[in-house]
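Biologist: Can you put the model up and walk me through it? I'd like to start with the fold and then pick at a few positions.

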Amino acid sequence: EAVGVEPVTSRVDFREITAKAELSDKLEVKEGTSCLWVERVRCTDEVIAAYCIDILPRHLLPEQIKSEVLAHSLFTLLARQGHTISHTESTLHPTLLSQRDLPELKNRVAMFLLFEEVVYSTSGQPLIYGNDYYSADVFEFRISRKRTL
C-alpha cells in the first residue's frame, strides 16, 4: 500500500495444531499448546508477492476466527487483542518453490527469499513463528550492516 499497490490475499487456509517440541521452544509455550496455523497467498496485480505460513498460540486470538479476518494483517489483529508488536528476529534463506509447494505459481519453479522468523511483543513475548516467502520478482531487500566499535 505504501508504494501505491493494493495487496490482495488470494488464499487463506487455517487450522488448529498442537505445539510440538521445536515449535513450543520458538513460541515459549508448553508442548501440546493449541496453536493456529495460518497459510496465506498475497498477490499484487495478479502476481504472487508473498506466501506466508504463520503459527501463533490460539489463546492470543478471538475465540471465533474467520478466514476474512485472517486475510488481513496479523499484526493489526494482535494489536486489537492487546499484543503490540515490537520486533522480529529473522533468518533469511534464498529458496526455490515449485507448483507442488505453491499451486498458484504460473511457472514450474520460482525464486523466493524465505524469512524464517519469530515475532515478539513489546513485553518480549514470542507471538508468531513464521515462514514468509517473498517473491524475488516483486521484492528487493536492502540490508545495512553496521560494525560496532
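Modeller: A term first: helices, H or I runs of at least four residues, and strands, E runs of at least two, are DSSP runs numbered from the N terminus. By that numbering, Glu28 is in the loop between helix H1 (21-27) and S2. Bear in mind that this is a predicted model.

Biologist: How many helices and strands does the chain have?

Modeller: There are 3 helices and 6 strands. In sequence order the pattern is β-α-β-β-α-α-β-β-β.

Biologist: And back to Glu28: what is its phi?

Modeller: Glu28 is not a glycine, yet its phi is positive, about 55°. Its relative accessible area is 59%, so Glu28 counts as exposed, the cut-off being over 50%.

Biologist: Which other non-glycine residue has a positive phi, of about 60°?

Modeller: Glu46. That residue is in the loop between S2 and strand S3 (47-57). Glu46 is exposed as well, with a relative accessible area of 68%.

Biologist: What about Gly32, where is that?

Modeller: Gly32 is in the loop between H1 and S2. It is partly exposed at 47% relative accessible area. Beyond four places in sequence, Gly32 is in contact with Thr18 and Ala19. Its C-alpha is 8.7 Å from that of Ala21, which is 11 residues away along the chain.

Biologist: Switching to the whole chain. What radius of gyration does it have?

Modeller: The chain has 16 Å. A compact globule of 149 residues would be near 15 Å, so the value agrees with that. The C-alpha atoms fill a box of roughly 50 × 40 × 30 Å along the principal axes.

Biologist: What share of the residues is buried?

Modeller: Of the 149 residues, 40% count as buried.

Biologist: How many charged side chains, positive and negative?

Modeller: The chain has 17 positive and 22 negative side chains. The centres of the two sets lie 3 Å apart.

Biologist: Now the inside. Which residues of the largest nonpolar core touch the most other members?

Modeller: Leu56, Leu70, Leu78 and Ile128, out of 15 residues in that core. Strand S2 (34-44), helix H3 (74-80) and strand S6 (126-135) each give at least two residues to this core. The largest share, 3 residues, comes from H3.

Biologist: You mentioned Val119. Is it buried or exposed?

Modeller: Val119 has 2% relative accessibility, so it counts as buried. It belongs to strand S5 (residues 109-121). Apart from neighbours within four places in sequence, its contacts include Phe75, Ile85, His87, Thr88 and Ile128. Val119 and Thr88 are 31 residues apart in sequence, with their C-alpha atoms 4.3 Å apart.

Biologist: Where does Thr84 sit?

Modeller: In the loop between H3 and strand S4 (85-98). Thr84 is partly exposed, at 43% relative accessibility. Setting aside residues up to four places away, Thr84 touches Tyr120, Ser121 and Thr122.

Biologist: Last one, His72. Which residues is it in contact with, beyond four places in sequence?

Modeller: His72 is in contact with Arg40 and Arg42. It lies in the loop between helix H2 (67-70) and H3. At 55% relative accessibility, His72 counts as exposed. The C-alpha atoms of His72 and Glu31, 41 residues apart along the chain, are 28 Å apart.

Terms used: Residues are numbered from 1 along each chain as its sequence is written. This is a predicted model: local features need pLDDT of at least 70, side-chain atom pairs count only at pLDDT 80 or more; totals for chains, interfaces and linings use all residues. Side-chain values use heavy atoms; hydrogens and water are left out. The radius of gyration is taken over C-alpha atoms; the globule rule is 2.2 Å times the number of residues to the power 0.38. Buried means under 20% relative accessible area, exposed over 50%, partly exposed in between (1.4 Å probe, protein chains only). Lys and Arg count as positive and Asp and Glu as negative; His and the chain ends are not counted. The place of a charge is taken as NZ of Lys, CZ of Arg, CG of Asp or CD of Glu. A nonpolar core is a set of buried Ala, Val, Leu, Ile, Met, Phe, Trp, Tyr and Cys residues joined through side-chain atoms within 4.5 Å. Contact means heavy atoms within 4.5 Å.
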